[in-house]
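Dear colleague,

I am passing on to you the structure shown below.

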Amino acid sequence: MENCLSLCHNMKVSFNSMKGKKILALFFVLPVCLAAAEYRVDTLYSKWVIDSRMGSFNNKTKTVGFATPDHPQCTATWDYVPGLVAKGILKAYTQYKDSTWSAYWLEGVRNYADAHMDITFDEYKGKDRRDDIDWLNAAKIFFELHEHTGQDMYKEKVESACDVLSTQHGRIKAPLPGAGGFWHKGGGLVKGYDNQMWLDGLYMGAAMYGEYVGRYVPEDEQAWADIALQFDTVFHYTWNEEEKLCHHAWSAAPWQENSFWADPKTGRSAEFWGRGMGWFFAALVDVLEYMPAGVDVNASGVDARTRLMGYLEKVADGLKNRQDNESGCWYQLLKYDDTFVAESYNGVACGHANYLEASASSMFTYAYLKAMRLGLLDKGKYADMAVKAYKGLIEEFVVENADGTISIVSSCESAGLGGGAKSGEPKYRDGSAAYYLCGYDVPVNDHTEGKALGSFIMASLEYELLEK
């Protein structure tokens, strides 16, 4: 099946310029392996993809999964990628808990959590994890586990994660700009990433922090101010008013060795990466779900909720203008379409074109649909394009396998900034357009990579609520 999926992606790329012919080509070339999915009005795609892939999906190149009736052993490690998938599955259980077919979803994720209750958020197996913001994302599963089981050990676990983030995690310090912002990584485990803030980190850390405060201590104005500071800082330093997009990351100290990717004057990375904006867009919506009005009023008399609403509206409007007109989806690099080709990277021939990317497209779709459901965005302005986006996810990225399951293709496996160079070799992960298309760690994954799976589940759930 993996060979079939790889062939599928190659065929999709080959026919990328043949508008309106991709699905026909896939049916003709691959009638036995798989078929491109067509949107079905009467199908719960959240259920179909969980039942298909809960026990077997990719975390980058490694196949992992949660316990299911067909895959009784949990092989998922503690990591933000399985954490995202598990969070999506728990959201699905919350939505469909009255259905007999959803019971094993909760049990499978609970099995995963119980197998990792020795996880700590400051040190794990002798390694300092305090400044690794990705390490926190999986802690979001403890919210639903506490809600559905009533077991306080789950609440205590996520409380520990929030405590480490708010009191121990590395922060930018004055006189540097952005004082108080959480480092993306740094400290003992991953050196050299101090004083950097990436869009990704708002979903990993601030969104988890906001859900904790919103669920358990909504009156904690100091915590809300701390959460708002993260969004204020990242938006201020990454938003590009001309392009109406956020740069992937910002360094408060661009002269530092591992900030070689940062513009010396602005500290910003060069490009506008799809999934990076997906993390940020989703984080804004998830925090605004809980953030009350009237907290953290600034000198201009504007409270935190109003400020974040302003960021949300700008991001939503900017991304609307970057949606691909035909498919309804979005590209790996948001500034370009598929006519952009990276001819080489670090002196090595490449020739990879920009492509429609599954995880970013799913995250954007999730954020638009949820924001409209919560009354944060105007349905009159965004509903049609969000529905088009969701149907585009099915037709562009979902394939039906011969065994009746479905898979997700065309997801960027990974991307980052700084580090990654072996001794004596050029510095990789430089944030250039060529890096995001040709870098050694950014291949296209056609094997249901977890970042696409988790976000697709959540987008499907929001669409299914819309259709009720």
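A residue is called buried when its relative accessible area is under 20%, exposed when that area is over 50%, and partly exposed in between. Please bear in mind that this is a predicted model.

With that term in hand, I begin with helix α10. This helix covers residues 274-288, and 15 of its 15 residues are buried, so that it is mostly covered. Its length is also in agreement with expectation: at 1.5 Å a residue, its 15 residues should span 21 Å, and the C-alpha atoms at its ends are 21 Å apart.

Helix α3, residues 45-53, is likewise largely enclosed by the rest of the structure, because seven of its nine residues are buried. The buried residues are Y45, S46, W48, V49, I50, S52 and R53.

I turn next to the packing of helices. Two packed helices are described by the angle between their axes and the distance between the axes.

The pair α6 and α7 comprises residues 141-149 and residues 152-167 respectively. Their axes are 8 Å apart, and the helices pack at an angle of about 160 degrees. Angles over 145 degrees count as roughly antiparallel, and α6 and α7 are therefore roughly antiparallel to each other. Their crossing is left-handed. On the α6 side the contact involves F142, F143, L145, H146 and T149, which meet D152, Y154, K155, K157 and V158 of α7. By class, this contact has five nonpolar, two polar and three charged residues.

The pair α12 and α13 comprises residues 358-373 and residues 379-397. The axes of these two helices come within 9 Å and cross at roughly 145 degrees. The crossing of α12 and α13 is also left-handed. From α12 the contact is made by A358, S361, S362, T365, Y368, L369 and M372; from α13 it is made by K379, Y382, A383, M385, A386, A389, Y390, L393 and F397. The residues of this contact divide into twelve nonpolar, three polar and one charged.

Leaving aside neighbours within four places in sequence, A367 is in contact with F281, A282 and V285. The C-alpha atom of A367 is separated by 8.8 Å from that of A316, a residue 51 places away along the chain.

Finally, there are some points of backbone geometry in the loops. The peptide bond from A174 to P175 is cis, with omega near 10 degrees. P175 lies in the loop between α7 and β6 (196-198).

Two residues other than glycine have a positive phi. For K60, phi is near 60 degrees; K60 is placed in the loop between β2 (57-59) and β3 (62-64). K60 counts as partly exposed, because its relative accessibility is 38%. For D296, phi is about 55 degrees, and D296 is placed in the loop between α10 and α11 (304-320). At 25% relative accessibility, D296 also counts as partly exposed.

Yours sincerely

Note on methods: Residues are numbered from 1 along each chain as its sequence is written. This is a predicted model: local features need pLDDT of at least 70, side-chain atom pairs count only at pLDDT 80 or more; totals for chains, interfaces and linings use all residues. Side-chain values use heavy atoms; hydrogens and water are left out. Axes are lines fitted to C-alpha atoms, for helices over the stretch in contact, and angles run from 0 to 180 degrees between N-to-C directions. Helices (H or I, at least four residues) and strands (E, at least two) are DSSP runs, numbered from the N terminus. A crossing is left-handed if the near helix is turned anticlockwise from the far one by less than a right angle, and right-handed if clockwise. Contact means heavy atoms within 4.5 Å. Ala, Val, Leu, Ile, Met, Phe, Trp, Tyr, Cys and Pro count as nonpolar, Asp, Glu, Lys and Arg as charged, and the others, Gly among them, as polar. Angles under 35 degrees count as roughly parallel, over 145 as roughly antiparallel, 65 to 115 as roughly perpendicular and the rest as oblique. Buried means under 20% relative accessible area, exposed over 50%, partly exposed in between (1.4 Å probe, protein chains only). The expected span of a helix is 1.5 Å times one less than its number of residues.
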